[in-house]
Amino acid sequence: MTGLLIALFALAYAAIALEEPLRINKSAAALLAAGSLWTVYALVSGDPGRVQAELGQSVRQSAEIAFFLIGAMTIVAVIDAHDGFALLTRHMAARSLSVLAWMIGGATFFLSAVLDNLTTAIIMVSLLGRLVAEREDRLWLAGLVVICANAGGAWSPIGDVTTTMLWIGGQVTSTAIVTRLFLPSLANGLVAILFVSWKLRGKPVVAPAAVGDGLHGQDAEQRLMFGLGLGVLLAVPLFKAVTHLPPFLAILFGLGIVWAVGDWRNRRKSADNPPRVTIAAALTRIDMSAIVFFIGILLAVATLEHAKVLIALAAWLDAHIGRIDGIVGLIGLISAVIDNVPMVAATIGMYGLDQHPTDSFLWEFLAYCAGTGGSILIIGSAAGVAAMGIERMGFLWYMRRFSLLALVAYGLGAAVYVIQSGVIS
């Protein structure tokens with residue numbers, strides 16, 4: 001059975017990696033993987049009761065992540081629908097590209113910790129179209145956005161899907177992840193900012209000929225929804241710390257608040273002045289395909305966990321690599337090629353909380369490595385894929401100019417964390 005499960009998972013993962021040439025959506029491949037793996041596992045195990053209990057546990061864990069992502073993505077969609085992020089353009093005035101690089105990099109790093117790296121990358125790369133006319137200059141700044149978005153998302157429990165998975169699963173706590181990963185992530189982002197700022201030194205900012213401010217004369221409504229949405233997202237870790245309830249409930253609670261306030265603002269709208277957006281309309285703007293992909297891949301990996309495949313893999317890595325920092329560092333490098341969500345899901349299945357308790361070295365270092373390792377290649381992270389699509393950034397263009405930079409930044413941040421943790425022997 002083990003060999004068949006591994007073969008099915010490998011086949012499904014090949015379909016995910018070859019999504020574009022095969023023209024089969026990766027969400028479909030993930031669902032096929034989940035369905036086929038659980039079917040084989042149920043038929044071969046001979047214990048329907050145990051399989052149903054294990055499936056129920058896996059569904060609950062996957063649903064918590066899916067509910068959280070749906071709530072967070074909807075709140076972000078509401079802010080964006082009100083042009084709330086266009087308010088950022090008012091604070092991005094710079095005469096030189098080197099100064100703009102610091103502003104873009106810094107804003108991306110901190111904004112991705114509040115939102116998530118994918119959303120932040122989309123916002124910031126789109127924002128570059130309002131600020132910079134020269135395409136080559138925009139590409140350099142877009143590459144900077146990819147690295148800073150991934151670095152910023154790594155040190156926040158809501159900044160990256162993989163970090164959120166570890167937080168919801170109890171492997172890390174919000175306070176520990178913020179305090180212990182901030183410096184490594186900052187080191188990672190600063191390397192990129194310093195290099196791009198140096199690369200663009202002496203070049204003036206050439207703005208597009210005509211750029212609208214995107215505010216549409218509705219400052220009060222924009223500021224309200226922007227502030228309320230960010231406030232709700234920031235309050236999620238606090239809610240979990242105070243109530244000890246799962247984060248998905250906090251984000252859904254917050255979405256209810258945003259929804260109620262939005263409806264309250266819209267109640268006085270007339271036919272001549274219709275509401276700009278409703279929450280129901282914002283729900284249609286979120287990427288449900290991504291949600292379905294996460295559900296499918298998490299359920300597929302869960303099968304390997306219950307079948308003890310991941311435990312055997314952990315034993316093999318321990319025997320051949322030995323050092324846990326080396327194992328996690330390798331996982332981070334692999335995430336430059338393979339999506340970090342199944343990598344982290346597999347690692348969670350490989351190592352238990354009894355062996356590596358909450359906030360231990362393994363989980364925190366995994367959050368950093370899986371979050372930032374994807375910057376090494378443009379296809380290694382959702383932020384990179386988004387920048388690739390918006391600016392039509394080429395794979396080879398990024399690899400020649402940013403891959404080595406991202407690798408150096410990754411290594412420096414990892415060294416900072418290892419030194420900070422005092423585990424160098």
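How many Å should the 18 residues of helix α5 span, and how far apart are its end C-alpha atoms? At 1.5 Å a residue, helix α5 (residues 97–114) should span 26 Å, and its end C-alpha atoms lie 25 Å apart, which agrees. (The expected span is 1.5 Å times one less than the number of residues; helices are DSSP runs of H or I, at least four residues, numbered from the N terminus.) The model is a predicted one, with local features needing pLDDT of at least 70, side-chain atom pairs counting only at pLDDT 80 or more, and totals for chains, interfaces and linings using all residues. Residues are numbered from 1 along each chain as its sequence is written, and side-chain values use heavy atoms, with hydrogens and water left out.

Elsewhere, helix α4 (residues 48–81) packs with helix α13 (residues 288–306) at about 155 degrees, their axes 9 Å apart. Axes here are lines fitted to C-alpha atoms over the stretch in contact, with angles from 0 to 180 degrees between N-to-C directions. That makes α4 roughly antiparallel to α13 (angles over 145 degrees). Among the residues making the contact (heavy atoms within 4.5 Å) are Ile-65 and Leu-69 of α4, along with Phe-294 and Leu-298 of α13.

Then there is Ser-27, found in helix α3 (residues 26–45). Ser-27 counts as buried, at 6% relative accessibility. Leaving aside neighbours within four places in sequence, Ser-27 touches Ser-289, Val-292 and Phe-293.

Methods:
Helices (H or I, at least four residues) and strands (E, at least two) are DSSP runs, numbered from the N terminus. Angles under 35 degrees count as roughly parallel, over 145 as roughly antiparallel, 65 to 115 as roughly perpendicular and the rest as oblique. Buried means under 20% relative accessible area, exposed over 50%, partly exposed in between (1.4 Å probe, protein chains only).
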